[in-house]
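This report describes how the chains of one model meet and then turns to selected features within the chains. The sequence and structure are shown first.

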Protein chains: 2
Amino acid sequence: MRSKAITAAPEIEALISLLAKVPGLGPRSARRAALQLLKRKDQLMAPLAAALAVAAEKVRACSNCGALDTQDPCMLCAAIDRDDGLICVVAEVGDVWALERAGAFKGRYHVLGGTLSALDGVRPDDLRIAKLLERASGPDVREVILALSATVDGQTTAHYLAERLQPLSVTVSRLSHGVPVGGELDLLDDGTLFAALQSRRPS
Amino acid sequence: MRSKAITAAPEIEALISLLAKVPGLGPRSARRAALQLLKRKDQLMAPLAAALAVAAEKVRACSNCGALDTQDPCMLCAAIDRDDGLICVVAEVGDVWALERAGAFKGRYHVLGGTLSALDGVRPDDLRIAKLLERASGPDVREVILALSATVDGQTTAHYLAERLQPLSVTVSRLSHGVPVGGELDLLDDGTLFAALQSRRPS
């Protein structure tokens with residue numbers, strides 16, 4: 001006998017409850033997703049199962065920078081055409097992808113694995129800070145760019161890292177604040193407007 | 001060499017592009033989902049891969065009612081404690097699940113696999129209508145309930161089915177329209193209010 005809450009086969013219920021844990025999907029959209037997947041078994045469901053299994057098996061965090069790749073050191077650390085003198089520090093792997101998509105940076109990355117957070121109990125030892133200090137002490141490194149979010153936790157982390165990096169002979173810099181490209185002035189918050197005015201440039 | 005658009009390992013890119021096709025996820029949320037999955041490999045990613053593979057292999061459409069299950073005939077068609085005299089016609093498998101969750105119906109189901117749609121080119125032959133007529137001709141069947149959406153396509157389909165079922169010796173009924181339970185009057189559209197007034201009951 002199935003309990004009343006179970007309305008489909010256990011295999012489908014198991015799939016729905018796992019899909020519901022995927023960020024971006026909730027219980028309702030997980031059900032809809034499961035149905036569509038079952039409708040498109042060969043085009044979508046089986047390939048997705050295989051892609052998940054392959055990625056789960058092969059993808060590892062790079063032991064140098066912390067980014068995700070199937071090789072260690074990762075493609076970005078192994079690339080010979082990138083500047084060893086620059087280390088761009090980010091909170092998460094997704095930030096590396098965003099910067100790479102922008103194509104604005106040709107140095108090396110360092111992924112902290114999060115930001116310091118009193119609320120969530122994230123302490124310096126929980127982040128890849130020791131490895132950053134080790135890398136930043138290398139003879140080739142000229143500058144460490146703290147590319148952290150303009151949130152309280154992000155800026156707390158940037159401040160902490162700047163202090164830890166200070167004894168080393170590297171320049172420490174941060175991303176500039178200002179009006180997002182394409183952003184409309186009257187929709188911006190006061191903090192951003194203030195920052196954009198403060199760091200105004202001659203046009 | 002990787003092209004500029006590729007910012008992560010091909011295995012990760014493949015996963016992201018498949019996740020982006022899952023209903024409810026888009027390109028951006030697929031990236032976020034992939035990252036979270038890679039972070040929670042053992043708790044979420046590997047089990048999800050396995051659940052997808054199992055469901056893709058085992059789940060089939062019931063040859064009688066069209067619902068999805070790992071057995072054929074499905075659990076609902078095979079259940080001995082349901083009323084064979086009632087057939088509830090729905091458009092999609094998700095509708096069966098919704099009605100089962102509500103626990104309001106103890107008869108049999110029939111899944112059409114969609115609704116008639118001039119716009120999307122869905123014709124009667126594309127739906128499981130022949131099988132419905134066959135089932136509705138059975139000696140035990142007293143009533144066919146058309147539980148289709150109150151949309152143009154849903155009501156067109158209901159109208160078409162009512163005509164096709166008319167020669168048979170079964171009662172054909174539809175779901176009532178009215179105020180959704182918990183719905184606020186001033187947020188309802190005119191059509192619903194009109195229908196709720198038309199089919200008012202003595203209190």
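## Salt bridges and polar contacts between the chains

In this predicted model, chain B and chain A are linked by 2 salt bridges. In one of them, B:Glu92 pairs with A:Lys39, and the closest N and O atoms are 3.1 Å apart. Side chains of opposite charge can pair in this way when their charged atoms come close. The interface of chain B and chain A also holds 4 residue pairs in polar contact, counted where both residues have pLDDT 80 or more.

Several elements of chain B each supply at least two residues of the side that touches chain A: α1 (10-19), α2 (27-39), α3 (41-58), β2 (68-69) and α5 (93-102). Among these contributors, α3(B) gives the most, with 13 residues. By residue type, the side of chain B that touches chain A divides into 30 nonpolar, 7 polar and 15 charged residues.

## Extent of the interface

Contact between the two chains involves 52 residues of chain B and 51 residues of chain A. The size of an interface is often given as the accessible area lost when the parts come together. For chain B and chain A, the buried area is about 5000 Å², with 73% of it on carbon and sulfur atoms.

## Symmetry of the two copies

Chain B is superposed on chain A by a rotation of 180° with 0.0 Å of shift along its axis, and the RMSD is 0.0 Å. The two copies are thus related as by a two-fold rotation axis. Which residue of chain B comes closest to the rotation axis? That residue is B:Ala49, whose C-alpha lies at 2.2 Å from the axis.

The contact surfaces correspond as well: 98% of the interface residues of chain B are also interface residues in chain A, so the copies meet through the same surface.

## Annotated regions of chain A

An unreviewed UniProt entry annotates residues 62-77 of chain A as "zinc finger region: C4-type". In the model, this span is 19% helix and 12% strand, and its end C-alpha atoms lie 8 Å apart.

For residues 85-180 of chain A, UniProt lists "domain: Toprim", again in an unreviewed entry.

## Cis peptide bonds

In chain A, the peptide bond from A:Asp72 to A:Pro73 is cis, with omega near 0°. A:Pro73 sits in the loop between β2 (68-69) and α4 (75-78) of chain A.

In chain B, B:Asp72 and B:Pro73 are joined by a cis peptide bond, with omega about 0°. The loop between β2 and α4 (75-78) of chain B contains B:Pro73.

## A salt bridge within chain A

Over all chains, the count comes to 10 salt bridges. One of them is formed by A:Arg82 and A:Glu100, with the closest N and O atoms 2.8 Å apart. This pair links distant parts of the chain, the two residues being 18 residues apart. A:Arg82 lies in the loop between α4 and β3 (83-90) of chain A, whereas A:Glu100 belongs to helix α5 (residues 93-102) of chain A.

Conventions: Residues numbered from 1 in each chain as written. Chains lettered and ligands numbered in written order. Predicted model: local features only at pLDDT ≥ 70, side-chain atom pairs only at ≥ 80, totals over all residues. Heavy atoms only, no water. Contact = heavy atoms within 4.5 Å. Buried area = accessible area lost by both parts, 1.4 Å probe. Salt bridge = Lys/Arg side-chain N within 4 Å of Asp/Glu carboxyl O. Polar contact = N/O pair within 3.5 Å; in protein donor to acceptor, adjacent residues only side chain to side chain. Helix = DSSP H or I, 4+ residues; strand = E, 2+ residues; numbered from the N terminus. Nonpolar A, V, L, I, M, F, W, Y, C, P; charged D, E, K, R; others polar. Least-squares fit on C-alpha atoms with pLDDT ≥ 70 in both. UniProt positions renumbered as here; feature names shortened; annotations may be inferred.
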